[in-house]
Amino acid sequence: MGRSRRTLPEELLLLALDPTTGTTAQPQSLDLGLAGAQLVELALAGRIAPDGDRIAVVAPRPTGDPTLDCALELLRRRGAPVRAVNWIGGPRLGLRQTYLSHLERCGMVHAVEGQMCGVLPTTRYQATETAISREIKARLDSAIRTGVPPDPRTAALAALAHAVGLGKHLYPGNEGRSSRSRLRDLIRHDPMGGLVAHAVMDVQNGAAAQPRRAPAPAPAGRQAAGPGARPAPEPARGVPAQPLHGSMARAAAH
């Protein structure tokens with residue numbers, strides 16, 4: 001895989017950069033989106049493939065992109081297909097900064113040092129190749145305006161942009177409502193992009209639950225309920241019944 005083409009994580013990050021403030025829109029969900037964009041890019045490169053709601057490595061050879069290859073190696077080490085929602089919800093410390101630093105080395109952004117409240121150091125990133133950002137946005141605009149099914153890369157980018165909440169950043173206000181709706185609809189044009197985008201939204205909504213636990217055995221001395229079994233005795237008056245505790249689903253967090 002050559003490096004002449006921008007990867008989906010890079011394009012998603014360029015879309016999220018605010019040209020005025022130099023900050024990234026939706027930073028928390030964007031981190032999830034970048035992890036998801038890596039999966040789509042690896043799928044487009046033929047290295048992984050969807051297996052139901054899971055991701056399977058089908059060709060472990062390197063892509064030539066160090067960040068993507070790191071993700072590919074981590075997937076390979078799992079040894080078995082991994083749920084997309086669990087992968088995206090896992091820790092991805094420094095992933096956004098890794099891509100920002102890469103874009104800076106490529107000359108697409110430049111860092112602007114500053115201070116918050118005159119004390120805390122801050123770094124903003126201004127796009128230097130604004131034509132590239134405009135070209136990426138134009139691809140989404142075209143897909144939204146024409147209604148023609150986009151290529152898989154553009155469809156996946158649209159799905160990820162919707163999943164991380166960039167719709168209001170790209171198409172703000174009431175006048176952008178129809179564009180935001182069409183952006184959401186583009187999710188159906190790429191199966192892998194749709195799988196990953198839904199996984200990103202599931203993580204944000206806390207739907208990445210652990211497998212259900214087996215029911216706890218009945219306490220000694222009590223009979224299991226069944227045909228002909230006697231109902232459990234009512235608690236004595238004035239003594240509150242003990243609440244039943246079910247298994248709690250653990251939401252995946254970044």
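**Helix α6 and its cover**

Tutor: This is a predicted model. The buried residues of α6 are covered by several elements, including α1 (8–16), β5 (120–127), α7 (152–163), α8 (167–170) and α9 (177–185).

Student: Which residues of α6 are buried?

Tutor: Buried here means under 20% relative accessible area. In α6, the residues that count as buried are Ile-132, Ser-133, Ile-136, Arg-139, Leu-140, Ala-143 and Ile-144.

Student: Why are they on the same side of α6?

Tutor: Look at the buried set, which runs from Ile-132 to Ile-144. These residues lie on the same side of α6 because their arc around the axis is only 130 degrees.

Student: Which residues are exposed on the other side of α6?

Tutor: Exposed requires over 50% relative accessible area. On the other side of α6, the exposed residues are Arg-134 and Arg-145.

Student: How far does α6 reach from its first C-alpha to its last?

Tutor: Helix α6 spans residues 130–146, which is 17 residues. At 1.5 Å a residue, 24 Å is expected. The reach is close to that, at 24 Å.

Student: Which residue just after α6 takes a positive phi?

Tutor: Go to the end of the helix, at residue 146. Just after α6, a phi of about 75 degrees is found at Gly-147.

Student: What percentage of the residues in the protein chain is buried?

Tutor: The chain holds ten helices and five strands. It has 254 residues, and the buried share is 40%.

Methods:
Residues numbered from 1 in each chain as written. Predicted model: local features only at pLDDT ≥ 70, side-chain atom pairs only at ≥ 80, totals over all residues. Heavy atoms only, no water. Helix = DSSP H or I, 4+ residues; strand = E, 2+ residues; numbered from the N terminus. Expected span 1.5 Å × (residues − 1). Buried < 20%, exposed > 50% of the residue type's maximum accessible area, 1.4 Å probe, protein only. Arc of directions from axis to C-beta. Contact = heavy atoms within 4.5 Å.
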